[in-house]
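Open the model in your viewer and keep the selection panel at hand.

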There are 2 protein chains.
Amino acid sequence: MSNDFTIVNEGDLMDLGIKAFCKLGLNATDAKDVVRILVTADLFGLSTHGMSRIESYGERLAIGGINAHPNIQIEHVAPAMVRIDGDNGVGPLVGMRSLEAAMQVAGEFGIGIALTRGSNHFGPISPYSLIAAENGFASIIGSNATTTIAPWGGSDARLGNSPLGFGVPNPDGRPFLLDMAMSVVARAKIRNALKRGEQIPSTWGTDAQGVPTTDPKAALNGFLLPIGGHKGYGLALLVDLFAGLLSNAAYLTHVKSWQDAPDQPQNLGHFFILIDTKKLGSTQWLGDRMNDFAQILLDSPPANSENPVIVPGMIELNKLEEQRNSGIRLSNETLELLKQHAPAG
Amino acid sequence: MSNDFTIVNEGDLMDLGIKAFCKLGLNATDAKDVVRILVTADLFGLSTHGMSRIESYGERLAIGGINAHPNIQIEHVAPAMVRIDGDNGVGPLVGMRSLEAAMQVAGEFGIGIALTRGSNHFGPISPYSLIAAENGFASIIGSNATTTIAPWGGSDARLGNSPLGFGVPNPDGRPFLLDMAMSVVARAKIRNALKRGEQIPSTWGTDAQGVPTTDPKAALNGFLLPIGGHKGYGLALLVDLFAGLLSNAAYLTHVKSWQDAPDQPQNLGHFFILIDTKKLGSTQWLGDRMNDFAQILLDSPPANSENPVIVPGMIELNKLEEQRNSGIRLSNETLELLKQHAPAG
């Protein structure tokens, strides 16, 4: 069991990742941006959205399903609004170019938005929110996704489990980061219940007919349920309206599945709303308020003394600090894939 | 039982409401804006956030807890960013001035934000989203609120059940509107379970020690639980960070309770992010996409044939259409209050 992962230094993982993506056809600058997002995901402990993605990204790059040399177009449709065509590039590359464009206009006008089409899976949101926060920007970022969720009360997959993320910088401490999908749980949690022979709460998923179920097997053949029922359904739709519909990308069932059609452009959409907090007050004003805000929450006596209150982003930022110091826990499977892609030497 | 409400014509309710707020000290222009928001809430069927609020607003205006003649300050801190001091005016008045300011900058720069402090309860969010949508703006709007929710895992009230709303216009049909608080259910639903002698799901609320409970009585003495557990907790915090912390308003436990201290300014905060969809394409482009988007969802076969799939805002917009035509169902209690405030004639 001690053999299923290896501790890898952040810098070494960056180098290995960059080599692998260069070998897959990206130039060194683009590869570095992609790897920066994915390694940050691994640092946060979000390994399902980290360098393990070299598998699907690599497969799609190899068969031309993703464009290794995209001509990313940035169009200023209004002073603080940019529309971006990712030209079917690797998601985190298109994401980084979009984030940079949004930060640039937000820095000039106080708030800015990038609406992005022609993209692919862009990793988790929290690495983008972290970069934004490190540059003094609060952020609201979202992406649509392949359809896996039924409309509320419906019985077939017509919307994605679209992620939505927020960040607020703290010049005198840690930012607040929130990165969430709209399902109550991830599919993996239902698979684990099945393995253990346990029932699941009826709020987690429906069977294939759209009826809520406590049977994990039925739920795996059905659909994930959104948080708060119609509330999470509404939130997922609004993310798709901003990320997909307004950006002129695909939306809902128009989004191609990277699993069923890996050779096809997905035309995924994202949105990046950035707010320049430096326009609102001094770094001391913001830092004092952010630290006071966190302290009020952390001071609440815990209902269960073993689980003290936490604030959004705390788990990920603890993990990042720990793994920056002691190395990243990387699965050997991912390490092998990286080595296969990266030329030795 | 037929006597506990009266059907009132929209125009008559507007007139009566304006008279009542003028008698409470507002000038006619300000009263009209306040009443427009509250009557729209009643049209949507959101009577708890409609003209019934004349009770608490009126009480606080009468004792000087709300300022009837606020000097609302609009400061342009960056080209597309305004900071607003509501000077403790009536919430929907401060809300309307903020919305107008945000629409003005968004119309010029593509996106705009108003960050508002010194405000009070501003009604539901959907009336603002509707006005924005009617003017071609997509919107993300939020407000903080008096603390009624414990931090996730905590055991005392330190955050509000902060509402968050979204809207996307449809030039060829109905907009999408989403207006949600972060609790799984409203407190009224727990009160109803208690009346019927029923248990509640353990996801609705905790007892006074912060432990999830199925006993409605214990839950009414405890705290509402947020949707998706830590996800809804995170969302509620992010709304407060944008609406309260960044706007320089009060936040978390610094927000004064309008119930416990009706004579004190609450210093509530809001944020209004507006996106000008007219910069993104023609009205036909947007209308076609919005109608296609809705149709994809509505075409999903319902899991239960008695409950067809709906889209966010549909219930409220149906109700608005119906009540515009046939009159608004207003509780006699609210009607009496309005008549008490409004001079006869």
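Start where the chains meet: 100% of the interface residues of chain B are also interface residues in chain A, so the copies meet through the same surface. This is a predicted model, where local features need pLDDT of at least 70, side-chain atom pairs count only at pLDDT 80 or more, and totals for chains, interfaces and linings use all residues. Residues are numbered from 1 along each chain as its sequence is written, and chains are lettered from A and ligands numbered from 1 in the order in which they are written.

Select the contact residues. There are 63 in chain B, touching 63 in chain A (contact: C-beta atoms, placed from the backbone, within 7 Å). α8(B) gives the most to this side of chain B, with eight residues. The side divides into 40 nonpolar, 17 polar and six charged residues (nonpolar: Ala, Val, Leu, Ile, Met, Phe, Trp, Tyr, Cys and Pro; charged: Asp, Glu, Lys and Arg; polar: the others, Gly among them).

Now select α11 of chain B, residues 332–341 (helices are DSSP runs of H or I, at least four residues; strands are runs of E, at least two; both are numbered from the N terminus). Which of its residues are buried? T334(B), L338(B) and H341(B) are (20 or more other C-beta atoms within 10 Å of the residue's own; exposed means 12 or fewer, partly exposed in between; C-beta atoms are placed from the backbone). Look down the axis of α11(B): the buried residues fall within an arc of 65 degrees, so they line one face of the helix (the arc is that of the directions from the helix axis to the C-beta atoms). They pack against α1 (10–23), α3 (54–62) and β13 (328–331) of chain B. Turn to the face away from the buried side: N332(B), E333(B), E336(B) and Q340(B) are exposed there.

Notes
Contact = placed C-beta atoms within 7 Å.
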